[in-house]
Amino acid sequence: MSIVVAGAGIGGLTTALSLHAAGVGDVTVLEAAAAFRPLGVGLNILPNAVRELAELGLLEELSKVSVPTGSLGYYNRHGQLIWHEPRGRAAGYRWPQLSIHRGRLQAVLADAVRERLGPDAIVDDSRVEDFEQLPDGRVRVRHAAAGGASHTEADALIGADGIRSAVRAALHPAEGPPPWNGLIVWRGTTWASPFLDGHTMIIAGDDRRRAVVYPMSGPRPQDGAVLINWAVARAARPGETIETADWNRSVAPDEFLGDFTDLDFDWLDVPALIRTSDEAFIYPMVDRDPLPRWTHGAVTLLGDAAHAMYPMGSNGATQAIMDARVLARELALRPDPRAALAGYETARLSALTELHKSTRRRGPEVVIDLAHQRAPAGFRTADEVFPGTELHDISADFARLGGFDPDLVNHRASYSVDARTADAPTADVGTEALA
Ligand SMILES: Cc1cc2nc3c(=O)[nH]c(=O)nc-3n(C[C@H](O)[C@H](O)[C@H](O)COP(=O)(O)OP(=O)(O)OC[C@H]3O[C@@H](n4cnc5c(N)ncnc54)[C@H](O)[C@@H]3O)c2cc1C
């Protein structure tokens, strides 16, 4: 079976590795970028997806370039703790949650693809433009490079080409750019002293602003500083717009620092992190509207191309990895690629749509809005403003929606397929939703 994957991002590369591990032979990844550059800043991979990367034999390599996230704390604008919970192994998962630079994650995946599938498995400078479904059930993919346009025919095309996916645009030509919710996000990294216990992610703010901060490295030998990822967001002012959702648009910290100077707590100085960062990037808070279908014949969508969500609850890379594993399993176990792509959609789409809806209601970060509405001047303890089990329930509901409830992650069957027995049909493939 021949598969073309559009996009060598997190989802596309994990798809290639998973197909190879499952014995699906002929996989080509077409990447628009002319050469690999470790782009982006930090992201988190939840334990359900770390389990999948571990099953691909990558956990040791990833552990060298990441930090296991040990806990997550939500704070109000005064730096008072609203909710704190253990994460990863500390929360009873058999796998850690990882804080990692996106570029490092992508490099580990790309190196593994080249080593396992061959040096030519990823074709750089190859932008997928559109495709044609052929009468024999195959697909002809048109792609452009500096040297001109060319075609590749395959049994299936996987559109893993991100939030501005060309494959999605070919399926939905009237859709237009990703919708913006009116928030602007600035992101960056800074070498600084560790904060709290050195393994905590914090999210702090009020009804208008957010700061998300976590470490992505251990201490460096010369001064003990760790690489800290930070992102701050606020509502745009009237008339303030961002033209395109470009992950790499850099800006000077002075341009936005003034809106976050009060987020200086006795346990973490957010404005100091911004002020001393090497580089900062601006990005509009955009997502994609949910689609009723991802699969059309021999073509499907995966990761952000299928279900881009606001960066909330660590689901971007996590769900792209889960998509890749479920899709590869389907392709390995079903002889008809079209049936496999349909089975993948059945397994994933409705649950992802529910998760997506939750992120539009601010997901688990809603506790920060609620704290601000109920006690704008602050509180002595969060119990005063959150009675009973409300905070626990918000967190547990989101874990269930995202398929990362500890019991499920620890005990569900593996998605790995033994390449030697991959032709054995299975009745239950495609029924596990987000597991
Ligand atoms: C440059 C960049 C920086 C990012 N930085 C962050 C970050 O700091 N924090 C964060 O949480 N998320 C970041 N993201 C998004 C994050 O990677 C995704 O939300 C998540 O990992 C899901 O991955 P994905 O594989 O679906 O998409 P992506 O990781 O976006 O990968 C899509 C890939 O497809 C390629 N591509 C695009 N169009 C075409 C085409 N027509 N033909 C072929 N290839 C194409 C892109 O170059 C990219 O390599 C970034 C994405 C990109 C592309």
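Two residues are taken to be in contact if their C-beta atoms, placed from the backbone, lie within 7 Å. By this criterion, and leaving aside its neighbours within four places in sequence, Val232 is in contact with Trp186, Arg210, Ala211, Phe260 and Ile274. The structure described here is a predicted model.

**Overall form**

The secondary structure of the protein chain comprises 12 helices and 19 strands. Along its principal axes, the C-alpha trace spans about 65 × 45 × 45 Å. A compact globule of 435 residues would have a radius of gyration near 22 Å, and the value for the protein chain is 22 Å, so the two agree. Of the 435 residues in the protein chain, 49% are buried. Among contacts between residues at least 6 apart in sequence, 75% join residues at least 24 apart.

**The open sheet**

An open sheet is built from 8 strands in the order E6-E5-E14-E15-E16-E13-E18-E17, with mixed pairing. Strand E6 (81-86) and strand E17 (250-251) stand at the edges; each has a single partner strand, so one side of each is left without a neighbour in the sheet.

Strand E14 (residues 200-205) has 6 of its 6 residues buried. In a regular strand the side chains alternate between the two faces of the sheet. In E14, Thr200, Ile202 and Ala204 point one way, while Met201, Ile203 and Gly205 point the other way, and all are buried.

| Strand paired with E14 | Bridges | Direction |
|---|---|---|
| E5 (residues 71-76) | 6 bridges | parallel |
| E15 (residues 209-215) | 4 bridges | antiparallel |

Individual residues illustrate both pairings. Ser71 stands opposite Thr200 in E14, and the bridge partner of Ala204 is Ala211 in E15. E14 and E15 form a hairpin, with 3 residues between them. Helix H10 (residues 366-374) lies across E5, E6 and E14, and it runs at about 30° to E5.

**Val232 in strand E16**

Val232 lies in strand E16 (residues 226-235). A residue counts as buried if 20 or more other C-beta atoms lie within 10 Å of its own. Val232 has 26 C-beta neighbours inside 10 Å and therefore counts as buried. Val232 and Arg140 are 92 residues apart along the chain, and their C-alpha atoms are separated by 43 Å.

**Surroundings of the ligand**

There are 32 residues around the ligand, of which Gly7, Gly9, Gly40, Gly303 and Gly316 come nearest. Helix H1 (10-21), strand E9 (127-133), helix H7 (304-307) and helix H8 (316-333) each supply at least two residues of the shell.

Conventions
Residues are numbered from 1 along each chain as its sequence is written. This is a predicted model: local features need pLDDT of at least 70, side-chain atom pairs count only at pLDDT 80 or more; totals for chains, interfaces and linings use all residues. A residue is buried if 20 or more other C-beta atoms lie within 10 Å of its own, exposed if 12 or fewer, and partly exposed in between; C-beta atoms are placed from the backbone. A residue is near a molecule or strand if its C-beta atom, placed from the backbone, lies within 6 Å of it. Two strands pair if DSSP finds at least two bridges between them. Axes are lines fitted to C-alpha atoms, for helices over the stretch in contact, and angles run from 0 to 180 degrees between N-to-C directions. The radius of gyration is taken over C-alpha atoms; the globule rule is 2.2 Å times the number of residues to the power 0.38.
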